[in-house]
Amino acid sequence: APQVPGILATKIPATTSFVIAAALFLMPFLDIRCNEVSLKKINGVELATGYKVDSPGKNNSLLDGFDQRDTKSVSTQEKKESNIYAQAALIIGLAGLLLSFLNAKTAMAAAAATGALAAVALIGLMIDIKRQVSSQAEQSKDVIISVNFTPWFYLAVLAFGAAAFFSYKRLKQTV
């Protein structure tokens, strides 16, 4: 009797992992903090396309409204450019999602590669942002800016890794 293929021989696990990883880009990846006060939470799509951060001014102060002498409020928005690693992870991940729907062996192999590359791109994103924050911290001693990666970021890395693994297992079971 022919052997019945397991669940890993189907496209369900790999496709589901890619969908979850892509959906996680809508969740906050970073929490930017200034002197332990959260300024902004940035999701993966914003990292890939660019985002604005409100610099602290009177509008963002905890004591806003107590100082009525100055009628002008000071608040600036700083436009941050997109991060190449976030762009790469998102584009490669979406390409992997499309490839996971196909049944060709080369598509399965490419889906495995794109899952791994997207996970590596997210790790590159983390290294790049930590490098930027440490170089900025050396420039200003009186303002402490920190960037915390949220659990959603780490789940996205794991989801892309799982997508690569499931795509590889699917490829091996069809050989």
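This is a predicted model: local features need pLDDT of at least 70, side-chain atom pairs count only at pLDDT 80 or more; totals for chains, interfaces and linings use all residues.

Trainee: At what angle do α1 and α5 pack?

Mentor: Helix α1, residues 12-24, packs against helix α5, residues 151-174, at an angle of about 160 degrees. Their axes are 8 Å apart.

Trainee: Are they roughly parallel or antiparallel, then?

Mentor: Angles over 145 degrees count as roughly antiparallel, and α1 and α5 are therefore roughly antiparallel to each other.

Trainee: Which residues make the contact?

Mentor: From α1, the residues are P13, A14, S17, F18, I20, A21 and L24. On the α5 side, they include W152, L155, A159, F160 and F166.

Trainee: How many of the residues in that contact are nonpolar, polar or charged?

Mentor: The contact of α1 with α5 has 14 nonpolar residues, two polar ones and no charged ones.

Trainee: What about α5 itself: how far does it reach?

Mentor: Helix α5 has 24 residues and spans 34 Å from its first C-alpha to its last, close to the expected 34 Å.

Trainee: Which of its residues are buried?

Mentor: Among the buried residues of α5 are F153, V157, A163, R170 and L171.

Trainee: Changing topic, where is D128?

Mentor: D128 lies in helix α4, which covers residues 105-139.

Trainee: Is D128 buried or exposed?

Mentor: D128 has a relative accessible area of 11%. Buried means under 20%, so D128 is buried.

Trainee: And what does D128 contact beyond its sequence neighbours?

Mentor: Leaving aside neighbours within four places in sequence, D128 is in contact with N83 and Y85.

Definitions and conventions
Residues are numbered from 1 along each chain as its sequence is written. Side-chain values use heavy atoms; hydrogens and water are left out. Helices (H or I, at least four residues) and strands (E, at least two) are DSSP runs, numbered from the N terminus. Buried means under 20% relative accessible area, exposed over 50%, partly exposed in between (1.4 Å probe, protein chains only). Contact means heavy atoms within 4.5 Å. Axes are lines fitted to C-alpha atoms, for helices over the stretch in contact, and angles run from 0 to 180 degrees between N-to-C directions. Angles under 35 degrees count as roughly parallel, over 145 as roughly antiparallel, 65 to 115 as roughly perpendicular and the rest as oblique. Ala, Val, Leu, Ile, Met, Phe, Trp, Tyr, Cys and Pro count as nonpolar, Asp, Glu, Lys and Arg as charged, and the others, Gly among them, as polar. The expected span of a helix is 1.5 Å times one less than its number of residues.
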